[in-house]
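Okay, everyone, thanks for coming.

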Amino acid sequence: MPSELANILVGTFTLGFVYGLVGLGFVAVFRSTGVMSFAQGSFMLIGALVFYSVTTDTWHLGPITGMLLTLAVLAVCGAATYQLVLGRILGVEPVTVSVATLGLSIVLQMVAFMIWTPNIVQFRSMLSFNGHELFANIRLSQEQTYTIVVGTVITAALVLVLGRTRVGLRMKAVAESPELAAYQGLNVRRLSMAAWGIGAATAGAAGVIFGMATQVEPGTLPAVGLLAFPAILLGGLDSIGGAVIGGFLVAAIQNITQVWIGSAWQDVICYSVLLIVMFIRPQGLFGTPMVARL
Amino acid sequence: MTAVEEREIVPLKPTSGFAQVTSRLRTWHVLTLVAVAFEFTTSSSYAVYISTLIVFYAIAALGQGLLVGKTGQVALGGAAVMMIGAEVAGIVDATPVGTVFLIPLAAGVLASATAGLVVGVPGLRFKGLYLILATLALQSIASFAAQKYETAHAPGGVSTQGLRLGSVTIQADKLILAVMCLFLVAVLLWIRRIYRGPIGRMLQVIKERDDAAAVFGINVRAWKLWAFVWSSAITGLAGGLMVYFLRAASYQSFDLTIAINLLVMVYIGGAGTIAGPIIGAALITYAPTAVNWVANTVFNAGSSGWMSTNISVIERLIYGLALLLVLLYQPAGINGFWQNTLRRIGALLRRGEVA
């Protein structure tokens, strides 16, 4: 296997999990509240910085406990955001709340700047095992192995929870019609809060994975979250599995572009694909076709 | 579309001539007069500079307000169409037809409108958030194209030779401001005509109940596209004017932050109104100066210490908070809040008169 192809494959895996996880969190929020959250990128940043604090800066936790703690902190952050800000007023249109999350994203990023400063940080190397040799010349580094393991576990857990359990079904019911769901005796507030918690936690995990692969640059990291949008549209806005596959597709497009065309073309080709998908298959690969064609 | 009739509000008491004049005089008429009087008497070139910026952003925000406020459709394409307007105007300005600045300007507007059309067709296939995604794509593609053009033909950005009318060039700062104000007034009058006419009422129906509008036989998608193309054209005009004022423009100055800024202006001022985007543009453009002033005089920030190193962070924080809180708690924006307050005061006064 040529080394170019090997690079593409390995790069796709790491970046694919980043977009996939951000997208999963996005879908969790979208499916249960109808809100398109622009704050995912900022939650990514906060996740990476919390992980930096607990593993590198202060407590020197291991990569697994560090990740668990990050997930917990971010889940609390997301739930608190809903409870304190977004969920305080019911009956605001999801579109309006979606625009409000643009403001939320700025606020979260600035709070992160105040707590951690906007300086670039790097995680300490904390993985003790060596990389794996997959084939003759594809080598997975420690970070890549960690990414794949963590990404697979979180993705599998979420796909199960959101797609196969009663809670996941209820969340979907809340998004379809909050009123009807409330009449059915569902606790709309608590379910939305849980969705925001899940959304923030998965974004946080994506932040850690991204930071592991390169470094954490607080000024630009939230913009990486924006690239999850082509991914989820490709997969289908409301499809859990689609978000992950879409993430991998976008990552593959980016890596292929980088290797064969040039890294300057990465984003533009991704967004062009997005526009083309909107033209020919607006519901995405796995999404539900929407009835309202207004 | 004359189905929706405008209901005349009949005053309870016969009003005097003076009351008739004052009731037609809106608050913002007075404020505008005061602002204009200040601008043309001030000797501070900084005040003129800031005002000119406010005029651009007011035009751009009015354009975005036409879409966001009147159709309820959100887009993040403001910066991209401004960029297209500016780049195309700059490119055409260098050609022989550029001697009259109106021609490059018109070319920029046309290009922005075309970009709106190209992105609006897929973006408006479904209602809701698809247009945001489509305009994100536009932002990326436009800045990529502009970057490619600039590195090949115009290192550092496109430039113009100022407001040329044949052999005459408008040079004085205040005169430039006056020209920009003329454009603002033209846009304002046009938008007012739309808002108060049948098209405005139709767009309002689309915003409130698009399903009902479709039942009435309104082609919802076509009219949303109409609004999006016009909003792109007006916002593009602001970009074109900007490259004439600053005499140069680069794709880097039109990033996503600007697009979000324009939305913030519309929402903070009051979406769906005419005065709202202008109020928003003035507030957001002036905000950095105001925050600096408060930090320095009230909190005594000085040149060292936490306050001074974090001043830009605080500025962005206030800005984000403002967007968040206004959208959730005061969706009608400052203009709506002000109108409500006026109405309440009026109601109180009337009650007093009756008693």
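So, the surface of chain B: the accessible area comes to about 17100 Å², and 66% of that belongs to carbon and sulfur atoms. Keep in mind that this is a predicted model. Chain B has 355 residues, and 49% of them count as buried. For secondary structure, we get 15 helices and four strands in chain B. And if you take the contacts in chain B with a separation of 6 or more, 78% come from residues 24 or more positions apart.

Let's move on to where the two chains meet. How many residues of chain B are in contact with chain A? There are 43, and they touch 45 residues of chain A. The largest share comes from H14(B), with twelve residues.

What about charges across that interface? The rule finds zero salt bridges between chain B and chain A.

Salt bridges do turn up elsewhere, though. Side chains of opposite charge can pair when their charged atoms come close. Searching the whole structure, over all chains, gives two salt bridges. One joins the side chains of B:Asp93 and B:Arg164, at 3.4 Å from N to O. That pair links distant parts of the chain: B:Asp93 is in helix H4 (residues 78-93) of chain B and B:Arg164 is in strand E2 (residues 163-165) of chain B, 71 residues apart. Both B:Asp93 and B:Arg164 are buried. In another salt bridge, B:Arg209 pairs with B:Asp211, and their closest N and O atoms are 3.1 Å apart. Is B:Asp211 buried or partly exposed? With a relative accessible area of 35%, B:Asp211 is partly exposed, because buried would need under 20%.

Next, a helix I like, H7 of chain B, residues 173-196. H7(B) has 24 residues and reaches 34 Å from its first C-alpha to its last, close to the 34 Å expected at 1.5 Å a residue. Its buried residues include B:Ile176, B:Leu177, B:Met180, B:Phe183, B:Leu184 and B:Val187. Remember your helix geometry: an α-helix has 3.6 residues a turn, so residues three or four places apart point the same way.

Leaving aside neighbours within four places in sequence, B:Thr52 is in contact with B:Leu177, B:Met180 and B:Phe245. B:Thr52 counts as buried because its relative accessibility is 1%.

Most residues other than glycine have a negative phi. For B:Arg247, phi is near 70°, a positive value. B:Arg247 is in the loop between H10 and strand E4 (248-249) of chain B, and at 33% relative accessibility B:Arg247 counts as partly exposed.

Note on methods. Residues numbered from 1 in each chain as written. Chains lettered and ligands numbered in written order. Predicted model: local features only at pLDDT ≥ 70, side-chain atom pairs only at ≥ 80, totals over all residues. Heavy atoms only, no water. Helix = DSSP H or I, 4+ residues; strand = E, 2+ residues; numbered from the N terminus. Expected span 1.5 Å × (residues − 1). Buried < 20%, exposed > 50% of the residue type's maximum accessible area, 1.4 Å probe, protein only. Salt bridge = Lys/Arg side-chain N within 4 Å of Asp/Glu carboxyl O. Contact = heavy atoms within 4.5 Å. Areas by Shrake-Rupley, 256 points an atom, 1.4 Å probe, with all protein chains shown as cover.
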